[in-house]
Amino acid sequence: MKDKYNLIWLRRDLRLSDNAAVHHALQSNRQLLFYFNFDTEILDQLENRADARVNFIHSELQKINHQLGKLGSSLVVKLGLARECMTQVLQEYPIAKVYANKDYELFAIDRDKSIENICKSQQVEFQLYKDQVIFEEQEITKKDGKAYTIYTPYMKKWRSEFDSTVHQPLEYKLSSSNTAQIEWKKMPSLEDIRFTNSSIKIPAFNLSSEMLNNYEARRNFPALKATSNLGVHLRFGTISIRKAVQEALKGDDQFLNELIWREFFIQILANFPKVETECFKSAYNNMEWINNEKDFEKWTNGKTGFPIVDAGMRELKATGNMHNRVRMIAASFLVKDLLIDWRWGEAYFANHLLDYDLAANNGNWQWVAGCGCDAAPYFRVFNPTEQQKKFDPDMEYIRKWVPEFGTEKYPKQMIDHKFARIRALETYKKALQSELI
DNA sequence: TGAAATGTTGGGGCG
DNA sequence: ACGCCCCAACATTTC
């Protein structure tokens, strides 16, 4: 059926090169038609109409559309529910098979199942491919076939299974002969999809040898520009994981470890989907959180009186990013000092982080709260003052985001850390004991 | 990818 | 010279 197209449904893999779905679709002799759905089921949940992530998706798609235009093709874009949009596309174009890259979130798995059913009902094939990870949730397991729930043995197995000759970037060439030759259409504007311009721009990633070779030594100091900004690009697929790992292998071990942490949490979410709403360790579901809304507001606004926490929260609001060391400190403060449910913090980060990814965000919040797999033990409480002394000794980061620190305008500490620490230990102990009864 | 509490050691001041 | 105390510095245990 040479007159039909292979449909490439782009989702969080916003690139034409080194894309598994494209690679597989090119194995047949059909031409490729590229499609993106602005899914209103997802977009309607976003609180901010000027969401920088939507801006980023939109501008990356525009780039893709122009690349396709040069090949005599065009990107097909639909706004609406995934099922309805796919139904329209199948009516408007002759499609033999839909190719997409697998997404491991429960929402996406359900969506993809229903789309598969729509396709099958119209005699259109539908297939998902591994693209987002080096190893999927069933590929790195213990000897008994069960999922790892501890990072270090998972990491060792991952490294022993990894083969740099196998897991290379995918090479192929798109041309006017293997892409659908259709009239080029301009993308709908941001306003067309009911969003507006954001002042926040997504920073480019940095995988320079300078960053990679000094990663372990410098990564914990928020005042240094020593991190990669890779997260957001992996989130939206503007770089492939294969390429990222290839580059990471040129640096110190720690940087690759971070990419392995990412896959660790992706496989945890895939193998234990309940973690999306519940504690991995069920004993912690008995925690008696205080959940004071005024306290939560002080935290989100960066007015806790603890400068390292406030700097991080203000950085997040202003840039959509927060240094990872500071994420841990701010998260620990919310959960342990204020005794606010980790899900509140998780949801807030989900709304504001450009690099928000369900698996990583959930995994790391549960790690800080002590309720996750291989988590920090509950009695490990960060002292925001000690952390500041260690990781921002010259207060360079703090002065940048909390310029009024040291003046009378800066709020007093909202809680006594020593008191809060003891209260947290008691509350956690109580939750863990109630499980035993 | 903690920090506080507690224990141990050893140097120096002092009677 | 000696014992005693203090306490900083470091080590270990505990949460």
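1. A nonpolar core is taken here as a set of buried Ala, Val, Leu, Ile, Met, Phe, Trp, Tyr and Cys residues joined through C-beta atoms within 7 Å. In this predicted model, the largest such core has 72 residues, and those with the most contacts inside it are Ala244, Leu269, Ala330 and Leu334. Helix 11 supplies the largest share of this core, ten residues. Domain 2 (133-167 + 207-271) and domain 3 (274-431) each give at least three residues to this core. Leaving aside residues up to four places away in sequence, Leu334 touches Trp299, Ile340 and Gly345. A second, separate core has 42 residues, including Ala25, Phe34, Phe36 and Ile95.

2. On domains: chain A is divided into domain 1 (5-132), domain 2 (133-167 + 207-271) and domain 3 (274-431). The centres of domain 1 and domain 3, taken over C-alpha atoms, are separated by 36 Å. Contact between domain 1 and domain 3 involves six residues of each. The side of domain 1 that touches domain 3 has three nonpolar, no polar and three charged residues.

3. On helix 10 (residues 241-248): Ile241, Ala244, Val245, Glu247 and Ala248 are buried. Seen down the axis of helix 10, these buried residues fall within an arc of 160°, so they line one face of the helix. They pack against helix 7, helix 9 (230-236) and helix 11 (253-271). Ala244 is also among the residues with the most contacts inside the largest nonpolar core.

4. On helix 4 (residues 82-92): its buried residues are Ala82, Cys85 and Met86. Because they fall within an arc of 100° when seen down the axis of helix 4, they line one face of the helix. An α-helix has 3.6 residues a turn, so residues three or four places apart point the same way. The buried residues of helix 4 pack against strand 2 (31-39), helix 2 (40-43), strand 3 (75-80) and helix 5 (106-121).

5. On the DNA: the residues around DNA strand B are Trp261, Met328, Ala376, Phe379, Arg380, Val381, Phe382, Asn383, Glu386 and Gln387. By class, the surface near DNA strand B has six nonpolar, two polar and two charged residues.

6. On Lys173: this residue lies in the loop between helix 6 (151-161) and helix 7 (209-213). Lys173 has 7 other C-beta atoms within 10 Å; a residue counts as exposed at 12 or fewer, so Lys173 is exposed. Lys173 and Asp18 are 155 residues apart in sequence, with a C-alpha to C-alpha distance of 9.8 Å.

Definitions and conventions:
Residues are numbered from 1 along each chain as its sequence is written. Chains are lettered from A and ligands numbered from 1 in the order in which they are written. This is a predicted model: local features need pLDDT of at least 70, side-chain atom pairs count only at pLDDT 80 or more; totals for chains, interfaces and linings use all residues. Domain bounds come from an automatic or database domain assignment. Two residues are in contact if their C-beta atoms, placed from the backbone, lie within 7 Å. Ala, Val, Leu, Ile, Met, Phe, Trp, Tyr, Cys and Pro count as nonpolar, Asp, Glu, Lys and Arg as charged, and the others, Gly among them, as polar. A residue is near a molecule or strand if its C-beta atom, placed from the backbone, lies within 6 Å of it. A residue is buried if 20 or more other C-beta atoms lie within 10 Å of its own, exposed if 12 or fewer, and partly exposed in between; C-beta atoms are placed from the backbone. Helices (H or I, at least four residues) and strands (E, at least two) are DSSP runs, numbered from the N terminus. The arc is that of the directions from the helix axis to the C-beta atoms.
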